Amino acid sequence: MAETMIRLSNVTKIYGHGDGQVVALRDVSLEVKKGEIFGIIGLSGAGKSTLIRCINRLEVPQRGTIEIGGRDITKLNGRELREARRGIGMIFQHFNLLSSRTVFGNVAFPLEVAGVDRAELRKRVKELVDLVGLSDKLYAYPSQLSGGQKQRVGIARALANRPGVLLCDEATSALDPETTKSILNLLRDVNRRLELTIVLITHEMNVIKEICDTVAVIENGQIVENGPVVEVFANPRTSTARRFIKGVLHTEIPEEIRQRKLIVHREGCVGKTVRISFIGQSAGEPVISSLIRRFDVDVNIIYANLDLIKETPFGSLIVEIVGPDDNVEGSLQYLADQGLKIEVLNGVGPTGLESAG
Amino acid sequence: MVWDPRVWSLLVEALWETLYMVGVSLALSALFGIPLGVLLVITGPRHIRPNAALHNILSVIINAGRSIPFIILLVAIVPFTRLLVGTSIGTTGAMVPLTVGAIPFVARVVESAILEVEWGVIEAAQAMGATTWQIIVKVLIPEAMSGLVLGLTITAVSLVSYSAMAGAVGGGGLGDLAVRYGYQRFRGDIMLATVLVLVILVQGIQSLGDWLARRLSHR
Ligand SMILES: Nc1ncnc2c1ncn2[C@@H]1O[C@H](COP(=O)(O)OP(=O)(O)OP(=O)(O)O)[C@@H](O)[C@H]1O
Ligand SMILES: [Mg+2]
């Protein structure tokens, strides 16, 4: 187990007072491990921005503690807070670059703030601009850059003081899908190379799927689901999580396959349509071929779908298994024993297995 | 009307006096007005250094300053002017009321320019651990620079016309020339020439300000 980098305990944030009071965060607790990419997803108004902004105290919560590297950020005085903030990078949906400064000047800003000397500053800025692939734009002004390039400047700026944590507030929401991908790749790259802990918020499950290790689902100011991304994708417990996942994984079964009837091919033979869902290594073909050999059944692949969650393959396969009743039952049991999640879409499956709904 | 070569030298001298009065009082009013405007903004509710008491006091003083008609300010502060520069007449005597009158104007103009700075950029600076002072000198002023230049241009234009008024009570400059020769001695040609010079001066100031503001803007 990696050590904890960020720990929020019972954080409550209320905006306004009296009748106009909005509880933006309600008793939120969560833990971010060192070096992971932690995604927070939720619908508009769920409290995502509030949550991430509490981490560097751009918002001050009414209750709860927020520890970063073991230090409670809610208890720091002004000077200590500024010091701590230099160790926490942040990037924004609308980039928030200084329009009066060039790329160089923008990346230099946090170094000037931290009092880094001129020579070191120049060297560091060049390295950072290089890291984000903008060396040819060193003296361009933000107004001369595309959205994706602006966000690269934002990332270089956020990394200037070698922070241990990077906060991303909807960092890709203003970008097109292609640019989003390249920015996410850059984030994944710096996460690995610099052993950086990243917390990002988004309303796009796609972002979570691409780069996150852990996901938390936030709804009405509360964390309703939280765990490794593959697990949440495999077994979403809340309807909100299911809705988000549905949008990015095409796990919906085509209607005509759903409608397939239990087919009796010949005397004593049965054909069952089965959905096999898999995550990671226990995937696909070897299982199918050994199934055919062991149980002497025919397997027709009707529908297949494969996707990646970060680097983990994730998908489902719909097959029709045809053979003598006992053999078909035996194959289903065998598949279940392999740790695959199976669902019989027609007929009645073996006990304990979920039937198609 | 006969064109008198002496008119030319009178005009040139008066123009220099006006430029001197406007230049010095613009610089001095900027020196006091800019910090005042910045202070007004940052002490505002939900800004980087909220301080309701200070904010309200500044606001009241600035409004009071702006509501006093210049012609009244001119005579009302004569004792103060004498105390400060030893005389209440001439270009030097005129610069004190001009500066005092322009400070609250500059403060408001600076306030509106700085309020234009995107809040997200200020917040980004806070998130990077910038101090209040660093935010003022590295974010607020540079980001608002082109707005500040336009605001100071408006101030300069107003100062030109106020300086003419100050000139009327013995302050020298183009206004003084127009009143003394053009009005009191019925020299229509001098009156006309003075007005012409004023129009050109104001046009020049405005064009210079616009050009500078455009150059400074990287939006
Ligand atoms: N400064 C504020 N003053 C008052 N209410 C606020 C403020 N900021 C946010 N809220 C309220 O708090 C709740 C959570 O807002 P928040 O911005 O954290 O949501 P979000 O999940 O980031 O939404 P979005 O996806 O639209 O950005 C909302 O009901 C919002 O109206
Ligand atoms: Mg938000």
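Chain B reads α-α-α-α-α-α-α-α-α along the sequence. That is nine helices and zero strands. Helices here are DSSP runs of H or I with at least four residues, strands are runs of E with at least two, and both are numbered from the N terminus. The C-alpha trace of chain B spans about 70 × 40 × 25 Å along its principal axes.

Some housekeeping. This is a predicted model: local features need pLDDT of at least 70, side-chain atom pairs count only at pLDDT 80 or more, and totals for chains, interfaces and linings use all residues. Residues are numbered from 1 along each chain as its sequence is written, chains are lettered from A and ligands numbered from 1 in the order written, and side-chain values use heavy atoms, with hydrogens and water left out.

Now helix packing. Two packed helices are described by the angle between their axes and the distance between the axes. The axes are lines fitted to C-alpha atoms over the stretch in contact, and angles run from 0 to 180 degrees between N-to-C directions. Under 35 degrees counts as roughly parallel, over 145 as roughly antiparallel, 65 to 115 as roughly perpendicular, and the rest as oblique.

Stay with chain B. Helix 4 (residues 78–85) and helix 5 (residues 90–115) of chain B pack at about 120°, axes 9 Å apart. That makes helix 4 of chain B oblique to helix 5 of chain B. Their crossing is right-handed. Handedness is left if the near helix is turned anticlockwise from the far one by less than a right angle, and right if clockwise.

Next, helix 8 (residues 173–183) and helix 9 (residues 188–216) of chain B. Their angle is about 160°, with the axes 8 Å apart. So helix 8 of chain B is roughly antiparallel to helix 9 of chain B. This crossing is left-handed.

Over to chain A. The axes of helix 3 (residues 103–113) and helix 4 (residues 118–131) of chain A come within 9 Å and cross at roughly 125°. These two helices of chain A are therefore oblique to each other. Helix 3 of chain A passes helix 4 of chain A in a right-handed crossing.

Last, ligand 1. What surrounds ligand 1? The shell includes Tyr15(A), Val22(A), Leu43(A), Gly47(A), Thr50(A) and Glu170(A). A residue is near if one of its heavy atoms lies within 4 Å. By class, the shell has five nonpolar, five polar and two charged residues. Helix 1 of chain A gives the largest share, three residues.

Now the polar contacts, pairs of N or O atoms within 3.5 Å. A polar side-chain atom of Ser44(A) lies 2.5 Å from a ligand 1 oxygen. For a side-chain N or O of Lys48(A), the distance to a ligand 1 oxygen is 2.8 Å. A polar backbone atom of Ala46(A) is 3.2 Å from an oxygen of ligand 1.

Notes. A polar contact is a pair of N or O atoms within 3.5 Å; within protein, one must be able to donate a hydrogen and the other to accept it, and residues adjacent in sequence count only if both atoms are side-chain atoms. Ala, Val, Leu, Ile, Met, Phe, Trp, Tyr, Cys and Pro count as nonpolar, Asp, Glu, Lys and Arg as charged, and the others, Gly among them, as polar.
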